[in-house]
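This report describes how the parts of a two-chain assembly meet, within each chain and between the chains. The sequence and the model are shown first.

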Amino acid sequence: MSSRAFFEVVEPGLETCVQELPGRIGHWEQGFPPSGPADAWSFRLANLLVGNDREAAALECQFLGPTLRMLEDGVIALTGAEMMPRLDGAPVALWQSISVRRGQVLATGGGPTGARMYIAFSGGIDTPPVLGSRATFHMAGVGGADGFAIKAGQMLPVGTAAPHVMAHQVDAGLRPQIETGKVVTVEVVPGPNDDWLGAEGVAAFLAANWTVLAQSNRTGMRLKGPAISFAPRAYDKLPEHGQDPSNILDHGYPIGGINIAGQTPIILLQDAPSTGGFVNPFTVPSAALWKLGQIRPGQQIRFLPVTLDEAHEMRRRQDRICTAAQALKPL
Amino acid sequence: MIYEKPRFYPAGDRFIEVELGNEMSFSLNIAVHALAAAIRAAALPGIIELIPEMASMQISYDADRIAFDDVTREVERLYASASAGDEIELDSRLITIPVLYFDPWCEACIADYRRRVTDKTEDPELLCALNNLAGRSHLKRLHAAPEYWVAALGFWPGLCSLMPLDPRARLVAPKYNPPRSWTPKGAIGIGGAITCIYPDRTPGGYQIFARTPVPIWDREQKLPAFRESLALFRPGDRVRFIPIERDEYDYIEGKVNEGVYEHSVVDYQKFSMANYRRWLSRLESAA
């Protein structure tokens, strides 16, 4: 291993954590969720800008970013939400490669729009993988920097960087466009349990604006809106399904599932529980999950139904964009 | 009921919910595990992982390698050949968990809830009343009698849903309402007809009445049982609870803290559905 301490945490920010793609795969049946970045589009672009594989481990900053002191020369890149980054006091831009020198301090703060910024380092963060991944699962203290968000005083290593990292930027048209207005449109595929709402319940759910509550985090995004109505089958069921119309016999929970707990929709995010006893009438497709990663409490979501084929096409388009050949141009 | 054919529901572009029925029963759950074993053995390219549950499973797939329709066709085919009922034989480890019944930590937790939230009937007494048991010693004897089947895991890392394999030991209880804000790590509880072991100090809703000193998950992977994973159980394992006294509890806890405790795991057995059904019918004719 040629990994070396690359930066020291001066200020950790708010729950700043190491994430990696595709996340922790293969242990979901024992209750370990995939984890991974909330906005995988921005995350992958940050890695490409520093010459890494697009899935390499990098930092996810949430609402309030960290301050880091560089311990080596190298290349970094910032993408996602604007959090007022400064290098030794001078503002630096997102969406481009940035050369850093040993001793320089990257300071970030809070921003007016979006929720998550990514910081990638040439070589990729090289903390020890746990159950096959470096992704942090805070709730159980698994992966990342000793299991949790980064802490002041920690020194984090990176792996071997590509020999010559050319300075690049991401074409403005290929960056995710973070919605700054009141209402964010988020695609959903009906299912797996849309039949528990029935045609009327589905139509009413899709016609509403849903306000994002502050009680949201990497496990789930809580929403507030009108009353949810259910189909007759939600009431006429065997007792092992539970008493509430939103209850179903315990089943697996998909990432992106819109989980109905009583009358509260909770969108299941990357650190969500693996199973539970509430229905999931809709699922946000993988290519739209990044939007959830950038929504702020108080913004509203309007759900737009798409077909499974459209969801696959959205993912393929995003996968094509997130390649060095497509996304990068010389700076 | 158990459906004639699996039902498939898309859950976005990466997951599929497969329902095999809509009831909580052992025969349905073992059909889920038999199908999961068949899917794993088939090693289909593009199938990433499975979450088997009570009556269903979630399949993660990579649609750039296998199409939705191909997943459903392959799974239907595997189900038709794997679910020939009595022929099901699954690898099944037997894990023994030492348990102190009516331990002081659960008692303190129940007392705390009754003082702060609502003056409910104490959990062991509620279980006795709802299941027509003579008292705590009857509850302990009955709960420790059967082998339990790990029907599913999840919600929290390592949290297991256990079904008694002996129908005479079936105990039922409602969940706490409102839920508890904390539960002692290692507490044993019953909710619905399911026994669980709390992997950590977490909120909870099951009626609690016992505690094990043995960890069932360990993020630091200190003990030998956690070399391969952070969680002890896998779906399809069997569990047996062995009642212990307080001095034994303290001794085992000491071994755990020293990092030298070895879990009792027997991994040379198979679970045979045919033999199990024969045993069940002998029970019925005796009754």
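Between domain 1 and domain 2 of chain A, twelve residue pairs are in polar contact, both residues of each pair being at pLDDT 80 or more. The pLDDT threshold applies because this is a predicted model. On the side of domain 1 of chain A that touches domain 2 of chain A, the elements contributing two or more residues are strand 2 (17-19), helix 1 (40-49) and strand 3 (58-62) of chain A. Helix 1 of chain A contributes the most, with four residues. Sorted by class, this side of domain 1 of chain A holds 14 nonpolar, twelve polar and five charged residues.

The two domains of chain A span residues 4-170 for domain 1 and 183-320 for domain 2, and their C-alpha centres are 29 Å apart. Contact involves 31 residues of domain 1 of chain A and 18 residues of domain 2 of chain A. Together the two domains of chain A bury about 1800 Å², with 47% of that area on carbon and sulfur atoms. Of the area that domain 1 of chain A buries against domain 2 of chain A, 27% is supplied by Trp28(A), Ala38(A) and Trp41(A), more than by any other three residues. Two salt bridges are found across this domain interface.

**Domains of chain B**

Chain B is likewise assigned two domains, domain 1 (2-84) and domain 2 (94-286). Their centres, taken over C-alpha atoms, are separated by 28 Å. Ten residues of domain 1 of chain B are in contact with 15 residues of domain 2 of chain B. The area buried between these two domains of chain B is about 940 Å², and 79% of it lies on carbon and sulfur atoms. The count of salt bridges between domain 1 and domain 2 of chain B is zero, while three residue pairs are in polar contact there, both residues at pLDDT 80 or more. Helix 1 (residues 26-42) of chain B provides the largest share of the side of domain 1 of chain B that touches domain 2 of chain B, namely five residues. By class, that side of domain 1 of chain B comprises five nonpolar, four polar and one charged residue.

**Interface of chain A and chain B**

The contact between the chains draws on 49 residues from chain A and 43 residues from chain B. About 3700 Å² is buried between chain A and chain B, carbon and sulfur atoms giving 58% of it. On the chain A side, Trp28(A), Glu29(A) and Gln30(A) lose the most area to chain B, together 20% of what that side buries.

Four salt bridges cross the interface of chain A and chain B, and 20 residue pairs are in polar contact across it, both residues at pLDDT 80 or more. The side of chain A that touches chain B receives two or more residues from each of strand 13 (183-190), strand 16 (247-252), strand 19 (275-283) and helix 4 (308-321) of chain A. Helix 4 of chain A gives the largest share, six residues. The residues on this side of chain A divide into 24 nonpolar, 16 polar and nine charged.

**Salt bridges**

Over all chains, the count comes to 35 salt bridges.

| Residue | Partner | N to O distance |
|---|---|---|
| Arg316(A) | Asp64(B) | 2.9 Å |
| Arg44(A) | Asp319(A) | 3.0 Å |
| Glu20(A) | Arg134(A) | 2.8 Å |
| Asp126(A) | Arg134(A) | 2.8 Å |
| Asp237(B) | Arg93(B) | 2.8 Å |

Glu20(A) and Arg134(A) are both buried, and Asp126(A), which also forms a salt bridge with Arg134(A), is buried too. In chain B, the residues Asp237(B) and Arg93(B) are both buried. Elsewhere, salt bridges with shared partners join Glu107(B), Arg114(B), Asp119(B), Glu122(B), Glu125(B) and Arg136(B) into one network.

How values were computed
Residues numbered from 1 in each chain as written. Chains lettered and ligands numbered in written order. Predicted model: local features only at pLDDT ≥ 70, side-chain atom pairs only at ≥ 80, totals over all residues. Heavy atoms only, no water. Contact = heavy atoms within 4.5 Å. Buried area = accessible area lost by both parts, 1.4 Å probe. Salt bridge = Lys/Arg side-chain N within 4 Å of Asp/Glu carboxyl O. Polar contact = N/O pair within 3.5 Å; in protein donor to acceptor, adjacent residues only side chain to side chain. Nonpolar A, V, L, I, M, F, W, Y, C, P; charged D, E, K, R; others polar. Domains from an automatic or database assignment. Buried < 20%, exposed > 50% of the residue type's maximum accessible area, 1.4 Å probe, protein only.
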